[in-house]
Amino acid sequence: MFAALATCLASSGAVLAQTLPVEPLDIMTARGAFHFKVEIADTDATRERGLMFRKTLAGDRGMLFDFKTARPVAFWMKNTLIPLDMLFVGPDGHIISIARDAAPRSETPIPSGGDTLVVIELAGGRAAEIGAEPGDLVHERRINH
């Protein structure tokens, strides 16, 4: 019965919510330590879906995209309804680059600018609010320091 309901909802354009693990993450900036709870996207399917179709994102929440090995990556905002800040983080935990207020629904690729282990997506404008800059440090269990 659930499969039939899921098929019906999918064909009607409704989106089923995904449940992902949530873990703590800290970003250390010149303004101090900022604590977040991030959903973990660590499979091809969860990384592909990301925060698509979400209508809100709390200021203390986000999503961490784990690529497991460092490499150049690029993101886009297709089917993403809210502006997001993307923090591209290297294997040493330092922020490589930040895409601020990425435009919803844009299909323009946003490159990392270097070898990236994880990408953190926060609500648009949040990186500026906490004073995040390239070179700042991120603490999360997947990142080696």
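Colleague: Before I start, what should I know about the model and its numbering?

Modeller: The model is predicted, so local features need pLDDT of at least 70 and side-chain atom pairs count only at pLDDT 80 or more, while totals for chains, interfaces and linings use all residues. Residues are numbered from 1 along each chain as its sequence is written, and side-chain values use heavy atoms, with hydrogens and water left out.

Colleague: OK, what order do the strands of the open sheet come in?

Modeller: The seven strands go E6-E5-E8-E3-E2-E1-E9, with mixed pairing. Strands here are DSSP runs of E, at least two residues long, and helices are runs of H or I of at least four, numbered from the N terminus. Two strands pair if DSSP finds at least two bridges between them.

Colleague: Which strands stand at the edges?

Modeller: E6 (95-102) and E9 (137-139), each with a single partner strand, so one side of each has no neighbour in the sheet. From one strand to the next, the twist averages 30°; the axes behind such angles are lines fitted to C-alpha atoms, and angles run from 0 to 180 degrees between N-to-C directions.

Colleague: How do E1 and E2 pair?

Modeller: E1 (residues 22-29) and E2 (residues 32-41) are antiparallel, over eight bridges. Leu25 has Phe36 in E2 as its bridge partner, and a hairpin of two residues joins E1 to E2.

Colleague: And in which sense do E2 and E3 run?

Modeller: Those run parallel, with five bridges between E2 and E3 (residues 61-71). Val38 is partnered by Gly62 in E3.

Colleague: Let's move to E5. Is it buried or exposed?

Modeller: Six of its six residues are buried, so E5 is largely enclosed by the rest of the structure. Buried means under 20% relative accessible area, exposed over 50%, and partly exposed in between, using a 1.4 Å probe and protein chains only. Leu84, Met86 and Phe88 cover one side of E5, with Asp85, Leu87 and Val89 on the other.

Colleague: New topic: how much space is in the largest pocket?

Modeller: About 260 Å³. Of the 16 residues that line the largest pocket, Arg47, Glu48, Phe65, Phe75 and Trp76 are the closest to its centre. A pocket is an open set of points on a 1 Å grid over the protein atoms alone, where a 1.4 Å probe fits, with protein on both sides within 12 Å along at least five of seven lines; lining residues have an atom within 4 Å of a point.

Colleague: Which element gives the largest share of that lining?

Modeller: Helix H2, with three residues.

Colleague: Last one: where is Thr80, and what is it in contact with?

Modeller: Thr80 is in the loop between E4 and E5, and is buried at 5% relative accessible area. Leaving aside neighbours within four places in sequence, Thr80 is in contact (heavy atoms within 4.5 Å) with Leu51, Met52, Phe53, Pro104 and Arg105.

How values were computed. Points joined across faces, edges and corners; volume = space filled by probe spheres on them.
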